[in-house]
Amino acid sequence: MLLNMRGRHVALSVLAVRRACHLSRSAHTSPQTLEYKPIKKVMVANRGEIAIRVFRACTELGIRTVAVYSEQDTGQMHRQKADEAYLIGKGLPPVAAYLHIPDIIKVAKENDVDAIHPGYGFLSERADFAQACTDAGVRFIGPAPEVVQKMGDKVEARAIAIRAGVPVVPGSDAPISSLQEVQEFCNTYGFPIIFKAAYGGGGRGMRVVREYEELEENYQRAYSEALAAFGNGALFVEKFIEKPRHIEVQILGDKYGNVIHLYERDCSIQRRHQKVVEIAPATQLDPHLRDRLTADSVNLAKQVGYENAGTVEFLVDKHGKHYFIEVNSRLQVEHTVTEEITDVDLVHAQLHVCEGRSLPELGLKQDKIRINGFAIQCRVTTEDPTRGFQPDTGRLEVFRSGEGMGIRLDSASAFQGAVISPHYDSLLVKVIASGKDLPTAAAKMSRALAEFRVRGVKTNIPFLQNVLSNDQFLYGTVDTQFIDENPDLFNMKPVQNRAQKLLHYLGHVLVNGPTTPIPVNAKPSPVDPVVPAVPLGATFDVAMRFLCECPWKRLQELRSLIPNVPFQMLLRGANAVGYTNYPDNAVYKSNKENILLQKPEKNGMDIFRVFDSLNYLPNMLLGMEAAGSAGGVVEAAISYTGDVSDPTRQKYTLDYYLKLAEELVKAGTHILCIKDMAGLLKPEASRLLVGALRDRFPDMPIHVHTHDTAGAGVAAMLACAEAGVDIVDVAVDPMAGMTSQPSMGALVACTKGTKYNTGISLEKVFDYSEYWEVTRGLYAPFDCTATMKSGNADIYENEIPGGQYTNLHFQAHSMGLGHKFKEVKKAYVEANKLLGDLIKVTPSSKIVGDLAQFMVQNSLTRAEVEERADELSFPLSVVEFLQGHIGIPHGGFPEPLRSKVLKTLPRVEGRPGASMPPMDFQALETQLRETHGDDITPEDVMSAAMYPKVFQEFKEFTTTFGPVDCLNTRLFLDGPKIAEEFEVELERGKTLHIKALALGDLSKAGQREVFFELNGQLRSVLVKDTVAMKEMHFHPKALKDVRGQVGAPMPGKVVEVKVKQGQTVEKGQPLCVLSAMKMETVVNSPLSGTVAKVYVNVDSSLEGDDLILEIAE
């Protein structure tokens, strides 16, 4: 390393010697070089990409370089690119450090700096800084201090322009010092007007005001921004020209009175008066206008004896008239496009002019400056166009730039791992594309931007891509209203970012464990099934809630994989696929728009098993009519409870079931089903019920579904077969038994050689079972055998449905009440009796279960509940059931319990959905698009209608973690092991090769860095340790689904709080002011109400979405 460094310095020394010899010879041949003083060391009093740009030019000329940096910039690249780097502004705020002239001069003098380059922004247009350099004997690479004073002060520059005969916009003759002066100007010239900072540019302190009511607020904001950015809040005001082109001319002068122009740039594409895209030369510019612009620029520069590089800026109105607005007495951000079309290195020229060389000596004569093609510069910033270009901060998890022919990149700290600070400008990298014409340059730029991969922070790249593909941009002319008048520029294609999101998910699981609630402390099996994955179905909400997959996508994929097998779904009557009642149009739409039922050819449903948890006929008829109208096969399901073989059970008798079946057959069902969710069908009851149905409906297909909790399921299904059933449900052997369905293998074996032979080969059953036996091991964390070791015949007493039995068992063990599970089962019996002996199928079974757990938790007996019903706080599900929200149970509601619980609460009479107002699907879709973007599908709308909270959480999950459905089961549940290598196929032809490398220590921010290798490249993600963070204090976040919580729209510092607790506010009223990256943003109230609590103070530093205050409506 020492040898390399020494070699570099030797090389630089040789460059310097050769350069000095050449210049020495020139000094003897040209009288104009008598003042030539070579520069040996240059300091750049700036940061970021402009500092690096100057350092590179210095290195090319053999000049040693010095960087300065603030305490917040210790990790920035510009200090590493220089030969030397020194801290300035210790203890000062981030921006103030670079504005601290004494520190900068001190570092320059202590380190033998010959000249200081100010870059742009900060001190670049401060005459006092230029003078301080001169006083210290250090050359200022720019105009003389008095010229900086004249040109940097826009008011004085305006006066000079008037004297030079250059047209100007009507405006104040001097900096304004009060709001009253502004008001007087407005009375004279009218609105609109514009405020501008008198001592700086870049859009800081610039505000357009169109109405008198906005005047005071914008004056205060402009003054505050100018003061923060330039150390001086002085403003001037001028008439605002509507829809002008913003054309600027690059000038270059020397110490001998020579001034040339390097043609113009079009900087009209702006937002917040800050340039976004710059073009050189300006397209479709009248040659005579070009001549006037360049001539006026050179004339103005000569009038003040301008030296070094500068820019003269003009507005050109729609009539082709131009107005001088200001001179930027410095190098511009967009100087790059001029360099590309003229082949003139402006920084080289600046350095040479500062040394005393003349423009002719440098070969820079006006008649030799030619335009060659077109160049475009795009400023890639860490701003989010979808949120009003609000700055984004954070760590660059991934950075890959675009390159290739015709592309130039000027950047600073754009690399993987770099931290984007809220303290400075949001510029990440300048991308410059060159071509023979504008479309060619635009095509190269589009290609380069498409190659960029920036992860960890938002960028404006999608917006820039839209600009570059806009026809007006490519083939017409643009003005400063281009962005405002083209809202389609904001229709941006979402960035997928799938790989990095998956790494975040895997890192999250490695740090915090599974995202899906795990009921059993067991790990998934490390062995994967040996055959390709067999597609599975899942209940609608389980797919979103626990598997984090879209149920519609899963269904569509299954249909494409199995096109010739009928698919069946459960439809809970008026509950559709949810657990509550919905308006009729959510279950069935007469206009054929209900996507849940109306698109079997797309989503794949053929058979609709329609049931109701209470066997409430009106609810069932609604579901049957909707399914039938959709063209589906209707299978009406009677939910079974009780025991038709027990003559003492008089509520749910054989006659009850036959009468209900009669109504369903009359309604037009294609198949009749017995749905025995609790596994209560005994062999004798099976023979009685199925036999009676077969006798009554000899031509109707009969289907029986049961559970095997007691262990008698196979016997019951054989009895059904003997009684004439057509179809029975079974489970593959490794998944059968207990709370699941009876064994498929057992039933196939028992019927073999009989008239009930299924025709299925046992060998094929065994092969099929082998796969699922291995698969079950992957789901060990959910396996009921962790707490249930065998079936249990007490199901005939408590009548708990199979799925709920497992859930209750897990809940009891997870709450430390495993030893009380027997009490829970007994309470379930009592709760069922309290509610009138219900049919127990979701959601009615949950109601009974909620009441049972309520009784156990509060040590209540059935008698005590009945006695104290008017004073107890019952679970909400119980109250809503008694109100009639899911329908009317057979035999009516239990009295006097119902009256005691409800008191004066309203009651639903008849079918609940009939009295509900129709759901406004159009309004719901609009709301979802506002929240989640325009990629909302009709299926998403239905998901949100059925499960609003689950859908919201699902969208938030996928936004954070991406498409986890491409992970295998073990990786999804338990994450990878350290040093494990695996592949993830995102889509056909796109496979990720991933290796988990290491897990970092806990940081002060409560995060751990997780390291991966992705496609051979090192990647890392920062993951919040949720356990550790509970012990650490962090600012609360605003919840998006709580209307009154107002969050920070961007990271930044609070500069003003405009309200206090208890104050009444109106919608749109300013609440506070945030400052970030030298831009101020007013946070307005989203609603009218009263301020309940304020969570911030002046100078509070906030991250995005940090809670600012709460408003109570």
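Tutor: Tyr263 is buried, with a relative accessible area of 18%. Buried means under 20% relative accessible area, exposed means over 50%, and partly exposed lies in between, with a 1.4 Å probe and protein chains only. This is a predicted model, in which local features need pLDDT of at least 70, side-chain atom pairs count only at pLDDT 80 or more, and totals for chains, interfaces and linings use all residues. Residues are numbered from 1 along each chain as its sequence is written, and side-chain values use heavy atoms, with hydrogens and water left out.

Back to the tyrosine. Tyr263 sits in strand β10, residues 259–271. Strands are DSSP runs of E with at least two residues, helices are runs of H or I with at least four, and both are numbered from the N terminus. Tyr263 has a positive phi of about 70°, although it is not a glycine. Most residues other than glycine have a negative phi, and most peptide bonds are trans.

Asp112 also has a positive phi without being glycine: the value is near 55°. Its place is the loop between α5 (101–110) and β4 (115–117). At 60% relative accessibility, Asp112 counts as exposed.

Now a strand under cover. In β14 (residues 374–381), eight of the eight residues are buried. In a regular strand the side chains alternate between the two faces of the sheet. Both faces of β14 are covered. One side holds Phe374, Ile376, Cys378 and Val380, and the other holds Ala375, Gln377, Arg379 and Thr381. What does β14 pair with over eight bridges? The partner is β21 (residues 427–435), in the antiparallel sense. Two strands pair if DSSP finds at least two bridges between them. β14 also pairs with β11 (residues 274–280), antiparallel over four bridges. Val277 stands opposite Cys378, and Cys378 stands opposite Val431 in β21.

Next, a parallel sheet. Six strands form an open sheet in the order β23-β24-β25-β26-β27-β28, with parallel pairing. β23 (568–571) and β28 (727–728) are at the edges with a single partner strand each, so one side of each has no neighbour in the sheet. Helix α24 (residues 654–666) packs on this sheet, touching β25 (633–639) and β26. Touching here is contact, meaning heavy atoms within 4.5 Å. The direction of α24 makes about 160° with that of β25. Axes are lines fitted to C-alpha atoms, for helices over the stretch in contact, and angles run from 0 to 180 degrees between N-to-C directions. Inside the sheet, four bridges join β26 (residues 671–675) to β27 (residues 702–705). Leu672 stands opposite Ile702 in β27.

Further along comes a sheet with antiparallel pairing: four strands, open, in the order β33-β40-β38-β35. Its edge strands, β33 (1045–1047) and β35 (1064–1065), each pair on one side only. β38 (residues 1089–1094) and β40 (residues 1107–1112) pair over four bridges. There, Thr1090 stands opposite Ala1112.

Now a helix. Helix α34 (residues 876–883) is mostly covered, with six of its eight residues buried. The buried residues are Ser877, Val878, Val879, Phe881, Leu882 and Gln883. They pack against α32 (844–857) and α35 (897–902). Just after α34, Gly884 takes a positive phi of about 100°. In the loop between α34 and α35 lies Pro896. The peptide bond from Glu895 to Pro896 is cis, with omega near 10°. The bond from Thr842 to Pro843 is cis too, with omega near 10°. Pro843 is in the loop between α31 (821–834) and α32.

Last, the whole chain. The protein chain has 40 helices and 40 strands. Its C-alpha trace spans about 125 × 70 × 55 Å along the principal axes. Of the 1113 residues, 55% are buried. Among contacts between residues at least 6 apart in sequence, 67% join residues at least 24 apart.
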